Amino acid sequence: MAALIPTLRPALLLRSPIRPKIKPTTIQCLRHASTKHPKNFTPPTQEDLEDLRERTIDFARREITHDVAQTTDHSNEFPNEMWKKLGSAGLLGVTADEEYGGLSMGYQAHCVILEELSRASGSIGLSYAAHSQLCVNQIMLNGNDEQKRKHLPGLVSGESIGALAMSEHSAGSDVVSMRMTAKERDGGYVLNGTKMWITNGPDADVVVVYAKTEPEAGSKGMTAFLVETKSAGFSVARKLDKLGMRGSNTGEIVFEDVFVPRENVLGEVNKGVRVLMEGLDLERLVLSAGPLGLMKAALDVTLPYVHERKQFGHPIASNQFIQGKLADMYTKYRASSAFTYSVARYIDEHHDELSDRESVGRIIKTQDCAGAILYAAERATECGLDAIQCLGGMGYMNEMAAGRIMRDAKLYEIGAGTSEVRRLVIGRAFNKEFGVK
Ligand SMILES: Cc1cc2nc3c(=O)[nH]c(=O)nc-3n(C[C@H](O)[C@H](O)[C@H](O)COP(=O)(O)OP(=O)(O)OC[C@H]3O[C@@H](n4cnc5c(N)ncnc54)[C@H](O)[C@@H]3O)c2cc1C
């Protein structure tokens with residue numbers, strides 16, 4: 001079956017008339033190489049993005065049907081065969097270099113894919129994002145050539161599954177207070193501790209893990225590591241049972257004297273907080289496309305229903321109360337979508353100004369990335385609730401998607417930082433501009 005699926009990557013990479021590749025000279029590369037984009041990145045055109053959206057919709061129609069989405073939710077189990085399907089369709093390495101099998105297309109493209117996958121299934125969208133943004137993109141941005149060569153081809157093809165582990169039981173919003181330690185020994189580090197709520201944790205082969213290399217130095221003593229889960233001492237304590245995103249496997253993972261060789265340090269020793277914070281901005285931006293997909297899914301289920309269902313002799317959509325809900329749902333989706341894509345577009349189109357670290361905060365604005373997901377996440381939960389209300393009794397039934405959409409949407413107000421923390425970081429970003437603590 002998988003062999004019959006027309007693959008996206010070759011189609012996209014071969015379509016030179018649509019998206020001509022300009023081969024930059026070595027000097028241009030040195031001068032303009034973005035620290036946040038793949039090599040030789042050129043921003044996609046709107047036509048490229050529409051093409052990508054159509055192909056992703058096509059993939060989702062074929063592989064993530066209503067039944068697949070429902071079973072994934074009801075069974076509390078990610079369909080693991082999906083990884084290779086996503087990989088052979090070229091969807092797993094959208095921000096990765098072509099030499100590792102990636103699409104080299106940037107953040108707008110990543111949002112398009114996540115939006116359309118989430119529209120089909122919030123759970124599959126979330127697991128996809130943890131793999132392709134939290135893991136693959138972190139390795140792209142912070143890995144050295146050897147780490148990329150070793151891990152990216154498998155992650156991009158779907159042979160191996162990725163995750164990112166920073167949260168702990170006692171360190172969620174205040175993640176920098178994490179307790180996991182990494183002590184230097186025998187040419188590497190020995191990791192001890194537990195990570196909580198890790199998306200793809202029960203299935204992952206490669207995990208980006210944050211630990212304290214110098215606990216007494218606080219945020220200045222944190223380092224990021226690439227950990228292979230086949231390492232001795234790694235285990236999954238339990239798979240968690242959740243309200244929503246039920247098909248996205250979430251786990252508590254344990255590290256007991258896990259030896260990680262020095263070459264698996266991601267970025268610099270004791271500079272993990274920079275990797276984490278810079279990663280968080282892009283993570284929030286890309287993840288804001290998850291709620292976009294869920295809002296679209298809410299409209300997908302609500303619009304036909306209210307136009308077909310009759311009460312008092314008329315379609316229920318003839319009632320102004322229902323029209324008001326439809327108008328609000330649609331407007332919330334459109335406003336959230338405009339926010340997310342304008343931020344992603346700005347970052348993609350200013351890629352050549354991201355060549356030095358100093359300009360990163362000017363192009364990738366914390367308040368924009370946090371704002372995009374803050375707004376979209378809360379609107380998506382509202383749209384999920386409106387969908388249930390518009391469907392009446394059927395909206396409350398698990399055979400319909402409305403309840404699942406609402407339960408899935410709520411996660412985006414919590415994961416990747418809560419709504420409260422997003423408001424807090426937006427406020428702090430303004431304080432920083434005005435030199436106020
Ligand atoms: C399904 C799921 C998947 C996840 N996936 C991952 C993953 O892949 N990797 C990973 O590392 N983590 C993951 N997480 C963890 C997630 O990032 C944390 O749950 C989140 O950051 C919140 O932390 P917490 O749960 O400890 O809540 P807490 O920090 O205990 O917060 C509880 C409440 O207090 C509020 N609060 C806390 N501090 C403040 C403050 N200063 N001001 C105002 N309000 C405040 C919060 O907003 C929240 O409402 C996942 C979580 C879930 C539920």
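In what follows, Ala, Val, Leu, Ile, Met, Phe, Trp, Tyr, Cys and Pro count as nonpolar, Asp, Glu, Lys and Arg as charged, and the others, Gly among them, as polar.

Before we start, this is a predicted model: local features need pLDDT of at least 70, side-chain atom pairs count only at pLDDT 80 or more, and totals for chains, interfaces and linings use all residues. Residues are numbered from 1 along each chain as its sequence is written.

I will begin with the ligand. What surrounds the ligand? There are 23 residues around it, and the closest are Ser167, Gly172, Ser173, Thr418 and Glu420; a residue counts as near if its C-beta atom, placed from the backbone, lies within 6 Å of the molecule. By class, this shell has 13 nonpolar, eight polar and two charged residues.

Now the domains, whose bounds come from an automatic or database domain assignment. The protein chain is divided into domain 1 (2-161), domain 2 (165-270) and domain 3 (273-433). The ligand lies between domain 2 and domain 3, because both give residues to its shell.

Domain 1 and domain 3 have C-alpha centres 21 Å apart. Their contact takes 33 residues from domain 1 and 33 residues from domain 3, where contact means C-beta atoms, placed from the backbone, within 7 Å. On the side of domain 1 that touches domain 3, eleven residues are nonpolar, 16 polar and six charged.

That is the picture: a ligand between domain 2 and domain 3, and a contact between domain 1 and domain 3.

Terms used:
Contact = placed C-beta atoms within 7 Å.
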